[in-house]
Amino acid sequence: MKTHTILRKRLMYSLLALLGGMLLLAPLWAQAQQVPVFSAADKQAIESYNLNEDNFKRLAAAVKEVHEEGISPPPPKDFSNVHSLDDLANVPVAEDKRILPLLQKYGFTPREFLVANFALANAGIAVQAKSNPEAAKYMDKNRINPANVSFYEAHEAQIAALQQQFEDGSNK
């Protein structure tokens, strides 16, 4: 089990390096590691979320604006009140009052934005696991949305371009 946790964290950090530009995902993933257990409904929400052209374009646009505006709230110090996706999604909203209006501008609630990010991250992990047999052993294939994996694979170039844009400090 310890190997599974370490490997999953390594995969996630690799993916976060790839998706580094996604709004608050890295800090929220770190925070999620401190959340005891998401409810079955929370897990199902992530697993059943369907990435599509619309929500991906809105996600990318929101992320771009976050970077343009320099929004980066400090990670909270206390996670004792974080027990669900809703709690976790509301952490950065409470830290920076610019976040909620920005998410709403792109048609997201804080929860949906977090769910979309986790769905994208899970798909990215599944894609990475395809080329890493050792990692694939530790993945729960029942929790992977095959449609999201296909979507991710079809958009890898776009995701890589977004990542490169943010690494270069460019927001064009």
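Me: What do the side chains of Arg-111 and Asp-42 do when they meet?
Reply: They form a salt bridge, with 3.2 Å from N to O. Keep in mind that this is a predicted model.

Me: Ok, and where do Arg-111 and Asp-42 sit in the chain?
Reply: Arg-111 is in helix H7, which covers residues 110-130, and Asp-42 is in helix H3, residues 40-48. The two are 69 residues apart, and the pair links distant parts of the chain.

Me: Is Asp-42 buried or exposed?
Reply: Asp-42 counts as buried, because its relative accessibility is 5% and the cut-off for buried is under 20%. Arg-111 counts as partly exposed, at 23%.

Me: Which residues are linked with Arg-111 in a network of salt bridges?
Reply: Asp-42 and Asp-86. Together with Arg-111 they make up a network of salt bridges.

Me: How many salt bridges are there in the whole structure?
Reply: A search of the whole structure turns up six. One of them joins Asp-54 and Arg-58, whose closest N and O atoms are 3.1 Å apart.

Me: How far apart are Asp-54 and Arg-58 in helix H4?
Reply: They're four residues apart in helix H4 (residues 53-69), so about one helical turn separates them. Asp-54 is partly exposed, with a relative accessible area of 47%. Arg-58 counts as buried, at 19% relative accessibility.

Me: What about Lys-105, which side chain does it meet in a salt bridge?
Reply: That would be Glu-65, at 2.8 Å from N to O. Lys-105 belongs to helix H6 (residues 99-105) and Glu-65 to helix H4, so this pair ties together parts that are 40 residues apart in sequence.

Me: And is Glu-65 buried or exposed?
Reply: Glu-65 is buried, with a relative accessible area of 15%.

Me: Switching topic. What does the charged end of Arg-58 sit over?
Reply: The ring of Phe-108. The charged end is 4.4 Å from the centre of that ring.

Me: Are Phe-56 and Phe-151 buried or exposed?
Reply: Phe-56 is buried, with a relative accessible area of 1%. Phe-151 is buried as well, at 9%.

Me: What about the aromatic pair of Phe-108 and Phe-113, what are its distance and angle?
Reply: Their centres are 5.3 Å apart and there is 80° between the planes, which makes the pair edge-to-face. Phe-108 and Phe-113 are both buried.

Me: Let's go to the inside. Which residues touch the most other members of the largest nonpolar core?
Reply: Tyr-49, Leu-85, Phe-108, Phe-113 and Leu-120, out of 37 residues in that core. At least two residues of the core come from each of H4, helix H5 (85-95), H6, H7, helix H9 (146-154) and helix H10 (156-167).

Me: Which helix gives the most to this core?
Reply: H7 does, with 10 residues.

Me: And Tyr-49, what does it touch?
Reply: Leaving out residues up to four places away in sequence, its partners include Asn-55, Phe-108, Val-115 and Ala-119.

Me: Where's Ala-119, then?
Reply: Ala-119 is in helix H7, and it counts as buried at 2% relative accessibility. Beyond its neighbours within four places in sequence, Ala-119 is in contact with Ile-46, Tyr-49, Leu-51 and Asn-148.

Me: How far is the C-alpha atom of Ala-119 from that of Ile-46?
Reply: They're separated by 5.5 Å, though the two residues are 73 residues apart along the chain.

Me: Last bit, the whole chain. How many helices and strands are there?
Reply: There are 10 helices and zero strands. The chain has 172 residues, and 47% of them count as buried.

Me: What share of the contacts between residues at least 6 apart in sequence join residues at least 24 apart?
Reply: 79% of them do.

Definitions and conventions. Residues numbered from 1 in each chain as written. Predicted model: local features only at pLDDT ≥ 70, side-chain atom pairs only at ≥ 80, totals over all residues. Heavy atoms only, no water. Salt bridge = Lys/Arg side-chain N within 4 Å of Asp/Glu carboxyl O. Buried < 20%, exposed > 50% of the residue type's maximum accessible area, 1.4 Å probe, protein only. Contact = heavy atoms within 4.5 Å. Core = buried A, V, L, I, M, F, W, Y, C linked by side-chain atoms within 4.5 Å. Phe/Tyr/Trp six-rings, centres within 6.5 Å; stacked < 30°, edge-to-face > 60°. Lys NZ or Arg CZ within 6 Å of the ring centre and 35° of its normal.
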